[in-house]
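The structure is shown first, and the description follows.

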There are 2 protein chains.
Amino acid sequence: MGLGLGAIPERRYVRAVISEADTGVATSSWPKLSEVPRDVLLEVLIHGPLSRAEIAGRLRLSRPTLTRVAKALVQRGLLVEGDTRPRSSAGRPSEMLHVRGAAHRFLGVKLTPERLFAAVTDLTATPVAAAEEPLRSCAPEEVVAQIADVARRFPGVTGIGVTLGGVVLDGLVAWDEFLRWTDVPLKAAVTRATGVPTAVDNDVQALTAAQHWFGPGAGLRSLAVITVGAGVGTGLIVDGRLVAGSHGLPPHFSHTLVDAKGPQCGCGRRGCISSYLMTQVMLRRLAGRPTYEEALDRVRAGDREAGQVFAEAGYALGVLIGTVANVIDPQKVLLTGEGLPLYEVSSELVHDGIEDTYEDDPDLIDLDARPFDFTEWARSGAALAIKATITGAISERPQLDRRR
Amino acid sequence: MGLGLGAIPERRYVRAVISEADTGVATSSWPKLSEVPRDVLLEVLIHGPLSRAEIAGRLRLSRPTLTRVAKALVQRGLLVEGDTRPRSSAGRPSEMLHVRGAAHRFLGVKLTPERLFAAVTDLTATPVAAAEEPLRSCAPEEVVAQIADVARRFPGVTGIGVTLGGVVLDGLVAWDEFLRWTDVPLKAAVTRATGVPTAVDNDVQALTAAQHWFGPGAGLRSLAVITVGAGVGTGLIVDGRLVAGSHGLPPHFSHTLVDAKGPQCGCGRRGCISSYLMTQVMLRRLAGRPTYEEALDRVRAGDREAGQVFAEAGYALGVLIGTVANVIDPQKVLLTGEGLPLYEVSSELVHDGIEDTYEDDPDLIDLDARPFDFTEWARSGAALAIKATITGAISERPQLDRRR
DNA sequence: ACCCATAAGTTCCATTCGGAAACTAATACC
DNA sequence: GGTATTAGTTTCCGAATGGAACTTATGGGT
């Protein structure tokens with residue numbers, strides 16, 4: 001319904017065989033999975049191909065259960081049996097289970113005030129298509145219409161994930177400074193306009209979750225993600241779950257003080273971490289207001305002034321890393337973003353900042369810097385859709401979980 | 001066993017009725033509970049007396065399930081039916097279920113280099129006895145012996161919780177600066193010496209968990225606990241769970257910079273939050289090195305010098321509160337500790353600090369300041385024992401949880 | 001006083017789900 | 001080719017959960 005499928009011939013003749021899984025829109029409906037099958041799928045999704053025995057061990061399930069559950073997941077087309085991997089010693093070799101990525105497609109959309117970035121991925125969050133276009137307007141209705149247009153170009157997706165730089169609570173964009181939105185029920189609107197289940201979240205939060213499922217932080221119990229771009233952003237995974245503040249904001253560390261005599265910050269004070277790291281502020285301090293790339297070139301060419309600004313930025317980044325590590329003592333700190341060249345040119349100062357801030361042995365911090373393509377933002381939208389689809393957050397209202 | 005109960009007459013005649021619950025050591029054995037009964041017990045423990053219907057609603061269980069589970073818990077002596085509470089409108093009144101606190105007792109022990117604090121509580125963490133004595137020695141074996149002596153004075157406890165100011169990982173005291181311990185397997189040692197299942201944890205972590213179950217933060221999804229005493233400590237609850245760093249330390253925010261020209265801090269730098277708040281440092285700045293109480297009197301009497309030191313400390317506390325709130329955006333910030341008079345004498349400056357630091361509306365912060373008796377530390381040890389007993393962490397090895 | 005609406009708690013029963021035991025399958029090593 | 005070893009399967013059973021229908025205890029209306 002809502003899909004204009006009235007004209008499609010009835011398919012009663014299939015129902016008896018394929019039953020529920022195929023009743024709705026052919027390729028794009030997600031089967032309802034109960035808890036254990038969902039956990040099994042997730043385990044394979046996050047930790048790569050695994051044998052039944054391995055999964056049973058990790059999830060503390062019996063092998064018979066795994067036989068049954070795996071069979072069901074294969075029947076639903078979500079898993080496939082891949083190669084068999086011989087044991088190192090004796091014993092029957094394992095049959096590896098893979099996620100059948102092609103089974104579903106997801107659309108991710110990242111909104112900025114100027115442009116819309118889109119990416120289509122398969123179930124394993126591997127990109128299969130991408131698009132980018134100017135945002136026609138910032139008015140909510142028009143943005144929704146534009147997203148629906150994009151969605152029409154990629155039919156058959158199982159879910160849509162939209163991310164933006166604002167405060168998102170339960171699918172409602174409570175506040176977006178850049179788009180100038182207040183209380184926009186984006187999730188409902190896009191779901192209605194496209195007919196496809198949609199999830200909406202803050203971009204940094206979605207990126208963090210994406211890195212935790214599909215990136216270098218896959219499956220870690222604790223993880224800190226720091227994005228360096230036009231500004232800095234932080235996301236935290238604690239106890240295997242994304243930390244969402246009670247008001248929907250991602251954790252922010254960025255106005256922690258580095259040096260009270262530092263540059264003027266947007267927040268009104270001086271010398272916050274973010275005052276050193278915001279691209280705008282950095283460039284403003286340089287003669288002739290170069291672009292970011294020009295500034296980088298100057299640094300690489302040995303320019304003193306630019307070097308100083310980037311060194312200070314690097315130090316501030318180090319302080320940020322150290323502060324985050326002090327607070328949650330994560331298994332890994334992941335550094336991403338378009339501004340990562342900063343780490344490349346002044347990694348030494350970053351480490352100075354860490355050393356001056358972190359209260360334990362800096363070697364304990366597993367720091368991972370990953371270069372970053374801007375389309376990654378859109379991909380993390382798709383990852384958001386995948387996550388919402390699998391956990392069921394996308395269709396049902398989120399379950400109150402009665403965990404400890 | 002180990003409790004010297006050999007002389008107590010056998011009670012075969014009861015077994016048929018009370019079955020398992022009474023098979024082992026009479027009053028002090030904890031029945032194994034499966035997940036749902038455990039959740040039900042917890043819900044009543046944390047959220048006060050509740051009716052079956054109410055619990056079923058909260059835990060998303062059916063009413064028949066609640067009938068069954070409640071009956072089992074009543075049989076095991078953990079719950080009792082209390083008063084019936086009439087509906088406001090029509091309908092049969094609810095029968096309230098209470099935790100039968102008297103069913104079990106727990107011993108909490110807090111270790112400091114000079115003294116040992118002990119508290120015995122019932123299952124609801126209500127204190128029933130307390131003791132305090134000098135620590136005979138800091139040597140691990142002697143401390144264990146002393147704890148065993150204390151435990152002998154309070155026979156029949158179901159669990160023991162020991163807390164101290166060090167780094168505790170899985171019952172092993174990896175490092176305690178104050179006691180000068182490294183890698184002391186305290187949990188195993190006390191369990192062996194007393195014959196009672198024992199849990200060990202960092203004191204601030206245990207306090208945080210205690211406040212989250214039995215204090216003003218009961219049952220919140222997110223909570224920050226800030227203790228002000230000889231130093232400052234921080235504990236976090238996120239998503240209903242205690243945040244434990246991957247190396248066992250509680251989160252520390254206390255060396256965040258407030259003012260680079262501030263007092264010298266133990267960490268080598270100047271003007272950290274903790275440099276303003278450590279009692280030692282505060283008193284050192286005052287003429288004649290008064291005691292804490294004397295210093296407080298001076299402030300209340302209007303002494304300029306003391307007022308300044310306490311004002312700065314208050315401001316630093318505000319910065320700490322704001323920083324914590326920025327990071328996890330908790331539902332509540334709970335302020336406790338022996339040093340709480342600070343908040344009383346300079347609450348205005350605390351709020352200034354919050355205002356200058358928190359990036360949203362300070363009114364969103366639900367700040368709760370609770371005066372603090374030192375025996376609270378020991379009580380939180382008992383709460384630790386309760387928590388470990390109920391979650392099963394005390395006997396079995398912690399289950400790998402396969403949650404999302 | 002009586003009946004009815006309302007909501008709590010219970011009983012009964014069908015169903016689901018996961019683990020134990022015992023099996024088969026596929027390999028390495030001797 | 002036999003044996004040890006580990007993966008995966010089948011069969012079966014017990015535990016636990018939720019739906020339907022019931023009983024119980026109240027308030028409110030007539």
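This is a predicted model: local features need pLDDT of at least 70, side-chain atom pairs count only at pLDDT 80 or more; totals for chains, interfaces and linings use all residues.

On the side of chain A that touches chain B, at least two residues each come from α2 (35-46), α3 (52-59), β13 (232-238), β14 (241-242) and α11 (304-328) of chain A. Of these elements, α2(A) gives the most to that side, with five residues. By residue class, the side of chain A that touches chain B divides into 18 nonpolar, 13 polar and 18 charged residues.

The count of salt bridges between chain A and chain B is two. In one salt bridge, the side chain of A:Arg241 meets that of B:Asp239, with an N to O distance of 3.3 Å.

## Extent of the interface

The size of an interface is often given as the accessible area lost when the parts come together. Between chain A and chain B the buried area is about 4,300 Å², and carbon and sulfur atoms give 49% of that area. In terms of residues, 49 of chain A are in contact with 48 of chain B.

## The largest nonpolar core

The largest nonpolar core holds 82 residues, and the members that touch the most others are A:Ile226, A:Phe310, A:Leu317, B:Ile226, B:Phe310 and B:Leu317. For B:Leu317, when its neighbours within four places in sequence are left aside, the residues in contact are B:Ile226, B:Val228, B:Leu277, B:Leu335, B:Leu342 and B:Val350.

Conventions. Residues are numbered from 1 along each chain as its sequence is written. Chains are lettered from A and ligands numbered from 1 in the order in which they are written. Side-chain values use heavy atoms; hydrogens and water are left out. Contact means heavy atoms within 4.5 Å. Buried area is the accessible area (1.4 Å probe) that two parts lose on being put together, summed over both. A salt bridge is a side-chain nitrogen of Lys or Arg within 4 Å of a carboxyl oxygen of Asp or Glu. Helices (H or I, at least four residues) and strands (E, at least two) are DSSP runs, numbered from the N terminus. Ala, Val, Leu, Ile, Met, Phe, Trp, Tyr, Cys and Pro count as nonpolar, Asp, Glu, Lys and Arg as charged, and the others, Gly among them, as polar. A nonpolar core is a set of buried Ala, Val, Leu, Ile, Met, Phe, Trp, Tyr and Cys residues joined through side-chain atoms within 4.5 Å. Buried means under 20% relative accessible area, exposed over 50%, partly exposed in between (1.4 Å probe, protein chains only).
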